[in-house]
Amino acid sequence: MAVNRETLDTLLEENRIFYPDKEFVARANVNDRAIYDEARADTQGFWAKQAENLDWFQKWDRVLDWDNPPFAKWFVNGKINACYNCVDRHVLTSRRTKPAIIFEGEPGDIRTLTYEELQREVMRFANVLKGLGVSRGDRVAIYMPMIPELAIAMLACARLGAPHSIVFGGFSPESLRDRINDAAAKLLITADGGWRRGKIVPLKHNADDAVAECPSIESVVVVRRTGQEVPMIEGRDYWYHELMERAAAECPCEETDSEDMLFILYTSGTTGKPKGVVHTTGGYLVGTSTTHRIIFDHKEDDIYWCTADIGWITGHSYVIYGPLANGATTLMFEGAPDWPQQDRFWDIIERHKVTVFYTAPTAIRAFMKWGRKWPEQHDLSSLRLLGTVGEPINPEAWIWYYKNIGGGRCPIVDTWWQTETGQIMISPLPGITPLKPGSATVPFPGINIDVVDKQGNSVELGKGGYLVIKEPWPAMLRTIYGDDQRFIDQYWSHFGDRWWYFAGDGVRRDYDNYHWILGRVDDVINVSGHRLSTMEVESALVDHQAVAEAAVIGKSHEIKGQAISAFVTLKEHVWQEIRNGDMDRKELQKALKAHVVKKIGAIARPEDVFFTAELPKTRSGKIMRRLLRDVAEGRALGDTTTLADPAVIAKLKAQYEGKES
Ligand code: PRX
C-alpha cells in the first residue's frame, strides 16, 4: 500500500488534543461513553433502539438478515416511508409551523418552508408525478440547482416509493445521459438554469442534449429558476409551476418496504463506468437520522447548515434525509462561497443565526487563503458545532477553522464516510471524544472498523493499513444498480471468504486508537472532496482525436486536496503537426481540458496536461501511475525495478522538470 511517508510524518507530529468543553458536555445528546459498550455488546439491539425513533407503518420482524452476504437486509419486513418520516409526522406535532427548509438563492432571494408548507408542496408534486405515470419502483432522474424544488422532488419520489437518481448539476450532458440510461429513468426533473457566480448554468439545455439519447425518458418537468427562454418540447416537457397549479392537494404515502430502493446515486470507482450505488429505505433512514442526531448533537432550536450540494451523498444524507427525519431546520444555499464576495458563508451564518455548520476541507483551505478578515467582519457567535467531510483535513486547516470560525469554542466533528456507506462511520461524538486535529478519531457506536494488512491481519497500533468494515451497518449500500457481481468484486472480494467491506482507503491507527485517513489506495482521485476515477478522465482524453494514450493521476494541491494531472501521448500525425508548427501545443492542451469538461463536467478539468512520447509501463504493459505521481509532485522516483524500460520515466521526469522551471 502506498502510505506516503510525508503525510505520515506530519500526522505523527500532530499531538495537540482538544477536550470537549464542560458546558457543551452537560448539554450534549450523548455524553456517556457507555454508548460504545452498549452498541458493541448488542449491535443489532443498538440499531433497533435507534429505529424506534422513526415511525413505522409496520414493525420489522428481524433487525438484520445477513444470511446471504454481501446482500444485507435491515429491519426485515418493516414498512416505512421516508417522506412520511421526514415531513408528515412532524406536521402532527408542534413542529408543524417550524421551518423545515431555509433556502437562500445565489441572487439573495430567501424562502422558508415550514414543515406544513413542505408537506403541501410535496403532496402536490407527488400528484404531478403520478399524473405523468410515475408509480412505485419507477426511477426518476433529477438534475437541478440547489433550490427547494429539488428537496420537494426528492421527497415526492420517496412518498411514492419511486427511487430518485440525482445527478449533480455540474455534470455534462453526456454524464447525465449515461446515468439516466443506466437507471432507465422514466422521467427527468430539471430547471431552466441555476445560478453560479452570477452566470446561468444551462441545465435545461444540457438536459435536452442528454434526453435526446435517453429512450426511457417519457417526460421532463422544468422548474423556472433563472427565467431565460428555453425550448419546450410539446408532449414531453412541462413547466413545474403549471403542473403544480392543477395538481390535487392530498396524496397519501406509499407503505414502502424497509428494503425498497430509496435512491440510486452514481459515484466513481476504479473503472471508467460510474457505479449506481443503491440505498434502500429503513436502514438508510435509521443510519442517517441516528448519526445526525448524535454527531451533530441535534437540538430542537438548531439552525443546521450542511454546505454540500444535494447532488452528492453528503447532501442526500445530511442536507435532507438525516436532518428532516429529526425534524431539524436545514439550510440550503444555491451559490458559491465567494460570490458576490468571499464572506458569503459568514454572512449567511450571521443572518440566519446558524448553529451547526458542516463543510469540506477544500472549502476551509480556500477560506484560509482568503484570510481572517472575511469571517472577522461577521458575528459568528451563533455557531456551537462545526463539521468537516470529504477528504483528510490537514491540521493547520483544522486549527484555522477551530479558531477563526468556531471562535475556539466549537467542537469539530471530522466525519469519515462514503457514498457507499450512506451514513457517517468514523467521527468524534462532540460531547465525549477528545479531538486531535486531522484525525476523524473513532468509529461510531455499532460500527466495526479495522485496519488490516493485505492478508487481512489487524495491524498494530501506530501502523497503517487498509480500512475494512467487518460487520454490516444499516445505511450500507445494497448493491450496484443492475450489477451484483461488480458489487461483490469491488467491495467484498479482497479478503478471501471473509465478508468484509473494503473501502478503498488507507488509514493509520495511532496509539490511542485514533484513525488518520491517508486517502485512497486505488485509482480514485479526490478533487475538492469529489471522487473521480483516473480511468474515467483517461477515457475522456483518449476519446479526443489527437490522443493516443493517457494516464491521469491526482497530485497534491494546496486547496483542492488533489488536482488532476494528465500525461498524454499524441498520435503520430499530431506530433508531426506540432513539429511543423501547424498545431499549437498550448491550444491543444486547452482543447483537451475542454474535452474532458465536455465529457464529464467541470469538476474533472485537468489542472495540467503534459505531452510525453511514452508512458512508464511494467513489462506486462500496466501504466505505473505511482511514478507519474512522483514526477508530478517533484519527488525522487520510487521503485522502478518493475518497469519495462526505466529510461522512459527518467526522460519524462527531466522533461517535466524542464517544463516547470
Ligand atoms: O477517501 C475518503 C474520502 O472520501 C471518500 C468518499 O468519497 P465520496 O463517496 O464522494 O463521499 C464523500 C462524502 C462522504 C472516502 O473513501 N473521505 C471522506 N470523508 C473523509 C475522507 N477522507 C478523510 N477524512 C474524512 N473525513
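Colleague: Hi! How much area do domain 1 and domain 2 bury between them?

Modeller: Hello! This is a predicted model, and in it domain 1 and domain 2 bury about 1700 Å² between them. Carbon and sulfur atoms account for 47% of that area.

Colleague: Thanks! And which residues belong to domain 1 and domain 2?

Modeller: The domain assignment gives domain 1 as 22-63 + 72-455, and domain 2 as 524-657. Domain 1 puts 24 residues into the contact, and domain 2 puts in 21 residues.

Colleague: What distance separates the centres of the two domains?

Modeller: Taken over C-alpha atoms, the centres of domain 1 and domain 2 are 34 Å apart.

Colleague: OK, how many salt bridges are there between domain 1 and domain 2?

Modeller: The count is 3 salt bridges. There are also 15 residue pairs in polar contact between domain 1 and domain 2, with both residues at pLDDT 80 or more.

Colleague: Which helices supply at least two residues each of the side of domain 1 that touches domain 2?

Modeller: Those are helix 8 (173-183) and helix 14 (361-370). Helix 14 gives the largest share of that side, with 4 residues. By class, the side of domain 1 that touches domain 2 has 13 polar, 7 charged and 4 nonpolar residues.

Colleague: Let's stay with helix 14. Why is helix 14 described as largely enclosed?

Modeller: Because 7 of its 10 residues are buried, helix 14 is largely enclosed by the rest of the structure. The buried ones are Pro361, Thr362, Ala363, Ile364, Arg365, Ala366 and Phe367.

Colleague: And what covers the buried residues of helix 14?

Modeller: The cover includes helix 13 (344-352) and helix 16 (395-405), along with strand 16 (356-359), strand 17 (385-389) and strand 27 (561-570).

Colleague: Which residue takes a positive phi just after helix 14?

Modeller: That's Gly371, with a phi of about 100 degrees.

Colleague: New topic: where is Asn81?

Modeller: Asn81 is in the loop that runs between strand 2 (71-76) and helix 5 (82-91).

Colleague: Is Asn81 buried or exposed?

Modeller: Asn81 counts as buried, because its relative accessibility is 0%.

Colleague: So what does Asn81 touch?

Modeller: Leaving aside residues up to four places away in sequence, Asn81 touches Phe57, Ala158, Arg159, Cys253, Glu254 and Thr256. With Glu254 there is also a polar detail: a polar atom of the Asn81 side chain lies 2.9 Å from the backbone oxygen of Glu254.

Colleague: One last thing: which side chain meets Glu174 in a salt bridge?

Modeller: The side chain of Lys598 does, at 3.6 Å from N to O.

Notes. Residues numbered from 1 in each chain as written. Predicted model: local features only at pLDDT ≥ 70, side-chain atom pairs only at ≥ 80, totals over all residues. Heavy atoms only, no water. Buried < 20%, exposed > 50% of the residue type's maximum accessible area, 1.4 Å probe, protein only. Polar contact = N/O pair within 3.5 Å; in protein donor to acceptor, adjacent residues only side chain to side chain. Contact = heavy atoms within 4.5 Å. Domains from an automatic or database assignment. Buried area = accessible area lost by both parts, 1.4 Å probe. Salt bridge = Lys/Arg side-chain N within 4 Å of Asp/Glu carboxyl O. Nonpolar A, V, L, I, M, F, W, Y, C, P; charged D, E, K, R; others polar.
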